[in-house]
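Subject: Structure handover

Hello,

Here is the structure I promised to pass on. Please open it and keep it beside you while you read.

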Amino acid sequence: MIKDLLNYQQADAKLRKIEVELSSSTARKKAASARVYIEGVNENVNKLDDKAGHLAQESQNIADQCKNLSEQLSELERAIAGADDVNQINFYIKKAEDLIAQIKSLSASLNKNGDESQKVVKEYSTIKAQTKNAQAQYAESKEEYDKLKASFKQEMDDINKELESLKKSVDATLMEKYQKKRANKIFPIVYPVTSGVCGYCRMELSMLELNKLKNGEIIECDQCGSILYQE
Ligand SMILES: [Zn+2]
């Protein structure tokens with residue numbers, strides 16, 4: 001029973017080797033990193049949109065306050081022109097100076113906001129340029145990767161045919177277990193037990209498990225999930 005699965009695994013190893021070569025290829029890594037960037041662009045643009053909206057709202061508020069203070073200042077100027085009491089005039093002047101100081105401080109804030117907005121505009125154009133680069137990198141690497149994959153096609157087809165034929169001799173339940181682990185990119189999957197420990201992770205097996213193995217049963221390692229058999 002285990003012999004057939006071992007034969008299957010041996011042929012499967014050739015497929016696994018190609019898969020590893022493909023997935024660790026520079027072309028695939030470049031395409032993957034470009035895709036991650038492109039997928040993240042929307043979120044970055046949304047954050048910038050929020051920041052720009054917030055800055056615009058803040059600038060509008062400051063401008064409104066400035067307008068209001070300027071109106072108060074004009075009223076004071078008229079009051080000063082119409083007043084004849086020195087104490088009253090001094091009081092108005094003091095108030096006017098206070099208003100002017102407030103307007104100055106607000107206009108400094110407005111300038112600061114303007115600088116921030118400039119930064120946001122710069123960030124927008126950086127993102128735009130980087131997205132363009134990422135799109136070009138993705139297209140180029142994807143094409144390169146597809147070519148690499150195509151170069152293995154015949155070999156992979158042959159191995160898959162061989163696997164299909166070997167599969168027929170393997171116990172169906174065992175095959176299902178094997179395929180599940182294989183899908184999780186575990187490889188190799190089947191190991192012999194030597195000196196009472198798992199052939200892969202070296203975990204010590206219980207008496208019960210060892211007895212099962214002695215009786216010719218096939219078990220799975222509790223720790224690493226390998227399929228185990230007694231040689
Ligand atoms: Zn193990």
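Below is what was found in it, from the overall layout down to single residues.

First, the ground rules. This is a predicted model, in which local features need pLDDT of at least 70 and side-chain atom pairs count only at pLDDT 80 or more, while totals for chains, interfaces and linings use all residues. Residues are numbered from 1 along each chain as its sequence is written.

Overall layout

The protein has 6 helices and 3 strands. Helices (H or I, at least four residues) and strands (E, at least two) are DSSP runs, numbered from the N terminus. Read from the N terminus, the order is α-α-α-α-α-β-α-β-β. The radius of gyration is 37 Å, well over the 17 Å that the globule rule gives for 231 residues, so the protein is more spread out than a compact globule. That radius is taken over C-alpha atoms, and the globule rule is 2.2 Å times the number of residues to the power 0.38. The C-alpha trace spans about 115 × 45 × 25 Å along its principal axes.

A residue is buried if 20 or more other C-beta atoms lie within 10 Å of its own, exposed if 12 or fewer, and partly exposed in between, with C-beta atoms placed from the backbone. Contacts are also worth a look. Two residues are in contact if their C-beta atoms, placed from the backbone, lie within 7 Å. Among contacts between residues at least 6 apart in sequence, 68% join residues at least 24 apart.

Two domains

The protein is divided into domain 1 (24–152) and domain 2 (157–230). These bounds come from an automatic or database domain assignment. The two domain centres, taken over C-alpha atoms, are separated by 60 Å.

Helix 3 covers residues 86–151, which is 66 residues. From first C-alpha to last it reaches 97 Å, close to the 98 Å expected at 1.5 Å a residue. The expected span is 1.5 Å times one less than the number of residues. Tyr92, Ser141 and Tyr145 are buried in helix 3. The buried residues of this helix pack against helix 2 (26–82).

The core

Which residues make up the largest nonpolar core? There are 11: Leu5, Tyr8, Val170, Tyr178, Ile189, Val190, Cys198, Leu205, Cys221, Ile227 and Leu228. Helix 1 (2–23) and strand 3 (227–230) are the elements that give two or more residues to this core. A nonpolar core is a set of buried Ala, Val, Leu, Ile, Met, Phe, Trp, Tyr and Cys residues joined through C-beta atoms within 7 Å.

Take Ile227 from that list. Not counting residues up to four places away in sequence, Ile227 touches Lys177, Tyr178, Ile189, Val190, Ile218 and Glu220.

The 3 strands form an open sheet in the order 1-3-2, with mixed pairing. Two strands pair if DSSP finds at least two bridges between them. Strand 1 (190–193) and strand 2 (219–220) are the edge strands, each pairing on one side only. Strand 2 and strand 3 are antiparallel, over 2 bridges. Ile219 has Leu228 in strand 3 as its bridge partner.

Helix 5 has 12 residues and reaches 16 Å from its first C-alpha to its last, close to the 16 Å expected. Met175 lies in this helix, at residues 172–183. Is Met175 buried, partly exposed or exposed? Met175 is partly exposed, with 18 other C-beta atoms within 10 Å. Leaving aside neighbours within four places in sequence, Met175 is in contact with Lys167 and Val170. Met175 and Leu5 are 170 residues apart in sequence, yet 7.6 Å apart in space, C-alpha to C-alpha.

Helix 5 is followed by Lys185. Lys185 has a positive phi of about 65 degrees although it is not a glycine. Lys185 sits in the loop between helix 5 and strand 1. Lys185 is exposed, with 10 other C-beta atoms within 10 Å. Pro188 lies in the loop between helix 5 and strand 1 as well. A cis peptide bond joins Phe187 and Pro188, with omega about -10 degrees.

One more backbone detail

Arg202 also has a positive phi, near 65 degrees, and is not a glycine. Arg202 lies in the loop between strand 1 and helix 6 (207–214). Arg202 counts as exposed, with 12 C-beta neighbours inside 10 Å.

Best wishes
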